[in-house]
Amino acid sequence: MTIDSIIEQMGRLQQLHESLLALSTRKTEILKSNDTEALQDILVQERKHVQGINTVEKQRMASAAAWAESAGFAGEAPTVSEMLETAEGQERDRLQEVYDAFILVLADLKQQEVLNAELTKQSLQFITMSLDMLQPSLTNMNYGTSSQDAEQKRSVFDSKA
């Protein structure tokens, strides 16, 4: 088996991750604008992308295992780095090119998702602070003397007499 099918699947993975990166960038803008309906829609789209990525990744792993068997590797499917060590010529160059491009997309996606996580965290902190301001604790509600002091004071007029 040749490495061509693995290169093709890695190319598809790269495209799916680039599309996921575009969604992640849109999610950043949605988080900034505080549009919860659009956020829900984009989360559904992200979930679909992740399912597609998982499917293509399983296919890539199966192809890598088949290639490893034909190349004489023992054990599980080899990593891309191991495949690069054994590949030769044009196949090696193409695999290296796809791998490098894929790694760059993954790095960008990771950076974008860190930003989105930070924006989400800040948004939750703001919501918590707002709720705390709207619902202060009961100890802060009593500004005057405590109720115990009021019970100890006696009126000058004795109503029982």
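Here is a short chat about salt bridges and a pocket in this predicted model.

Visitor: Before we start, what should I know about the model and its numbering?
Guide: Residues are numbered from 1 along each chain as its sequence is written. This is a predicted model, where local features need pLDDT of at least 70, side-chain atom pairs count only at pLDDT 80 or more, totals for chains, interfaces and linings use all residues, and side-chain values use heavy atoms, with hydrogens and water left out.

Visitor: How many salt bridges does a search of the whole structure find?
Guide: Side chains of opposite charge can pair when their charged atoms come close. Here, a salt bridge is a side-chain nitrogen of Lys or Arg within 4 Å of a carboxyl oxygen of Asp or Glu. Searching the whole structure with that rule turns up six.

Visitor: Which helix holds both Glu8 and Arg12?
Guide: These two form a salt bridge, with their closest N and O atoms 3.7 Å apart. They sit four residues apart, about one turn of the helix. Helices here are DSSP runs (H or I, at least four residues), numbered from the N terminus, and the one holding Glu8 and Arg12 is H1, residues 4–33.

Visitor: Is Lys27 buried or exposed?
Guide: Lys27 meets Glu113 in a salt bridge at 3.5 Å, N to O. Glu113 lies in helix H4 (residues 89–134) and Lys27 in helix H1, so the pair ties together parts that are 86 residues apart in sequence. Buried means under 20% relative accessible area, exposed over 50%, and partly exposed in between (1.4 Å probe, protein chains only). With a relative accessible area of 8%, Lys27 is buried.

Visitor: How far apart are the closest N and O atoms of Glu57 and Arg60?
Guide: Both residues lie in helix H2 (residues 36–71), three residues apart. Glu57 is partly exposed at 25%, while Arg60 is buried at 12%. Their salt bridge has its closest N and O atoms at 2.7 Å.

Visitor: Which helix gives the most to the lining of the largest pocket?
Guide: H1, H2 and H4 each supply at least two lining residues. The biggest contributor, with four residues, is H4.
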